[in-house]
Amino acid sequence: MRGTAVAVIGIAFASIAAPALSQTPDSNLPRLVIATGRQYAQGSFPRAAKWQGLYCDKSGCELKPTQLRITTASARNVLDEDEALDALTPDGAPLVLFADMALNAGKVVSWYWANPVGAESSPGLRLAKLGKWVMPWGTRPLTLSWVKTPEGYKRYHVSDGTTKQFLFSVESESHYGGDTTPIIHWVGDLDGDGMLDLVLSIPDDNCGFDERLYLSSGAGDGKLLRKAAQLAGREAACGC
């Protein structure tokens with residue numbers, strides 16, 4: 001087990017295109033943030049939200065209330081104009097930040113967390129090389145895997161050996177030919193129901209990002225996971 005910091009949110013920025021996915025980001029979902037150092041568009045985050053941070057170190061992971069300071073900054077965009085940004089400053093170095101989610105504070109059973117922040121995870125490397133990654137968890141291991149479609153997409157599924165559930169599709173290459181294999185940031189039991197939950201992000205080399213939390217609780221009949229939080233869009237004042 002190793003530690004890193006980051007999180008996901010459900011918002012789509014209106015003036016910019018989202019990453020090249022076959023699914024539209026759900027702007028009604030709660031938000032999470034993994035990469036707090038990005039250049040987010042002004043107004044991307046609610047000022048009155050209650051934030052929780054997932055903090056991990058050598059002893060494990062803990063979920064606790066935290067302060068996320070949101071200030072206004074600016075940067076030059078591709079038109080050489082000043083563009084207003086949201087600058088995020090969290091308490092400490094959380095692996096993930098969650099906004100307005102009903103999660104119980106305290107120690108969290110965690111099987112895997114990535115380190116360093118933003119680095120390609122070893123599960124992601126296995127997914128890219130082998131097409132699957134098995135997450136052992138007691139008597140109920142889950143396998144995350146993908147298949148390539150004739151149209152050039154990768155369809156990602158999760159399976160427990162009995163049930164197979166489609167999660168999302170991505171293009172096989174990013175805008176500039178980069179890898180779109182998801183980066184696994186954390187795996188454990190965030191909602192306390194004894195089943196696996198998953199935090200991942202989908203890379204994009206065109207200033208895009210898509211960060212997600214999948215929870216087992218509330219997944220519904222015939223489902224293993226539900227998308228519980230998401231943050232997707234493109235960085236402000238980014239590009240060439």
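User: How much accessible surface does the chain have, and what share belongs to carbon and sulfur atoms?

Analyst: The accessible surface comes to about 11,300 Å², and 49% of that belongs to carbon and sulfur atoms. Such areas come from the Shrake-Rupley method with a 1.4 Å probe; for residues, only the protein chains shown count as cover. This is a predicted model, where local features need pLDDT of at least 70, side-chain atom pairs count only at pLDDT 80 or more, and totals for chains, interfaces and linings use all residues. Residues are numbered from 1 along each chain as its sequence is written, and side-chain values use heavy atoms, with hydrogens and water left out.

User: What share of the residues is buried?

Analyst: Of the 240 residues in the chain, 49% are buried. Buried means under 20% relative accessible area, exposed over 50%, and partly exposed in between (1.4 Å probe, protein chains only).

User: How many helices and strands?

Analyst: There is 1 helix, along with 16 strands. Both are DSSP runs numbered from the N terminus: helices are H or I with at least four residues, strands are E with at least two.

User: Switching to disulfides. How many are there?

Analyst: The count is 2, taking a disulfide as a pair of cysteine sulfur atoms within 2.5 Å. C56 and C61 form one, with sulfur atoms 2.1 Å apart. C207 and C238 form another, at 2.0 Å from S to S.

User: Where does the C207 and C238 pair sit in the chain?

Analyst: This pair links distant parts of the chain, 31 residues apart. C207 is in the loop between β14 (197-201) and β15 (208-215), and C238 is in the segment after β16 (226-234).

User: Left-handed or right-handed, that one?

Analyst: The torsion about the S-S bond of C207 and C238 is about -75 degrees, so this disulfide is left-handed. The link of C56 and C61 is right-handed, with 110 degrees about its S-S bond.

User: And C238, is that buried or partly exposed?

Analyst: C238 is partly exposed, at 27% relative accessibility. C207 is buried at 13%, C56 is buried at 16%, and C61 is buried at 2%.

User: Now the open sheet. What order are the strands in?

Analyst: The order is β2-β6-β5, with antiparallel pairing. Two strands pair if DSSP finds at least two bridges between them.

User: Which strands are at the edges?

Analyst: β2 (40-41) and β5 (68-76) are; each has a single partner strand, so one side of each has no neighbour in the sheet.

User: How many bridges join β2 and β6?

Analyst: β2 pairs with β6 (residues 82-90) over 2 bridges. A41 stands opposite L85 in β6.
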